[in-house]
Amino acid sequence: MVAFFTPVDGSLVPTAMSVSAWSPTNLAGTAVCGLLARELETHGPAADFIPARFTVDLFRPVLNEPITLRGEVVRDGTRVRVVDAALVQRDEVRARASVMYLAVGEQPPGEVWQAGHDLPVPEYVLDSPYGEAPHFKSGDQGWTPDFGSGANNLRKAVWQNLPALVEGEPLTPFQRAAFVADCTNMVCNWGTAGVGFINSDVTLTLARLPIGHEVGLHAQDHISAAGVMVATATLYDRTGPLGTTVITGLSNARRQVDLAAFAEGRSLPVTAN
């Protein structure tokens with residue numbers, strides 16, 4: 001079975017699919033986010049709660065080595081539960097995350113303003129049970145799995161059908177959303193010379209969980225100055241928007257990532273993280 005991690009003796013061992021485009025000794029932020037979401041879910045409340053806000057701090061490189069995770073509930077109430085998690089390697093925390101679960105309930109009466117959403121969706125379906133390479137869209141161009149298609153200054157979207165996160169386990173909707181949230185770096189910071197920013201955090205907000213195998217991410221904004229970046233995107237599925245993503249990050253101009261070169265010879269998800 002194809003997966004990003006394999007369980008071995010109480011740890012999770014990365015596979016080649018987890019490796020970062022920045023360095024073969026480090027892991028991609030997407031895989032790290034998915035793994036932290038998995039740990040947080042083990043401390044989650046009942047099914048009538050939504051993981052409404054998920055935040056990851058990527059303050060140290062996560063190494064291409066076995067990983068240990070730990071988590072704890074820090075607030076448990078009838079309408080709110082907060083859980084923290086940490087990813088540990090070499091006896092130090094290399095990334096941390098928190099999630100705020102909110103209880104679902106009845107919508108309040110009345111009407112409020114909502115932004116319009118023109119979210120691009122492929123006409124074809126990505127439905128392989130083993131996952132597929134991401135498909136990209138730049139501006140008005142068509143969808144394509146070509147990693148060279150994004151070397152431009154057009155607004156971008158990515159459409160994903162992911163394989164399993166951990167071998168032998170089904171990918172949950174929250175893990176799927178958390179993984180794709182880190183792709184904000186790719187859809188918002190991929191330009192004519194590749195990807196030149198590396199994100200230091202990810203925040204995902206969800207009003208609901210994704211339905212089905214496919215999840216999209218559509219760039220909303222990129223703001224940068226003096227090597228510091230803020231970017232936002234909309235997460236969605238075939239039925240509409242799910243929530244938003246926000247990342248901040250730093251310039252990595254001397255190690256600009258050419259996604260087409262990195263993806264050559266790889267057949268499953270590749271991200272610029």
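Take the contacts in the protein between residues at least 6 apart in sequence: 68% of them join residues at least 24 apart, where a contact means heavy atoms within 4.5 Å. This is a predicted model, in which local features need pLDDT of at least 70 and side-chain atom pairs count only at pLDDT 80 or more, while totals for chains, interfaces and linings use all residues. Residues are numbered from 1 along each chain as its sequence is written, and side-chain values use heavy atoms, with hydrogens and water left out.

On to overall size. The C-alpha trace spans about 50 × 50 × 40 Å along its principal axes, and 51% of the 273 residues count as buried, that is, under 20% relative accessible area with a 1.4 Å probe, protein chains only.

Now the secondary structure: 4 helices and 16 strands, taken as DSSP runs (H or I, at least four residues, for helices; E, at least two, for strands) and numbered from the N terminus.

Have a look at helix α1 (residues 29-41) and helix α2 (residues 173-181), whose axes come within 7 Å and cross at roughly 150°. Those axes are lines fitted to C-alpha atoms over the stretch in contact, with angles from 0 to 180 degrees between N-to-C directions. So α1 is roughly antiparallel to α2, a label for angles over 145 degrees. From α1, the contact is made by T30, A31, C33, G34, A37, R38 and E41, and from α2 by F174, Q175, A178 and F179.

Methods. Parallel < 35°, antiparallel > 145°, perpendicular 65-115°, else oblique. Buried < 20%, exposed > 50% of the residue type's maximum accessible area, 1.4 Å probe, protein only.
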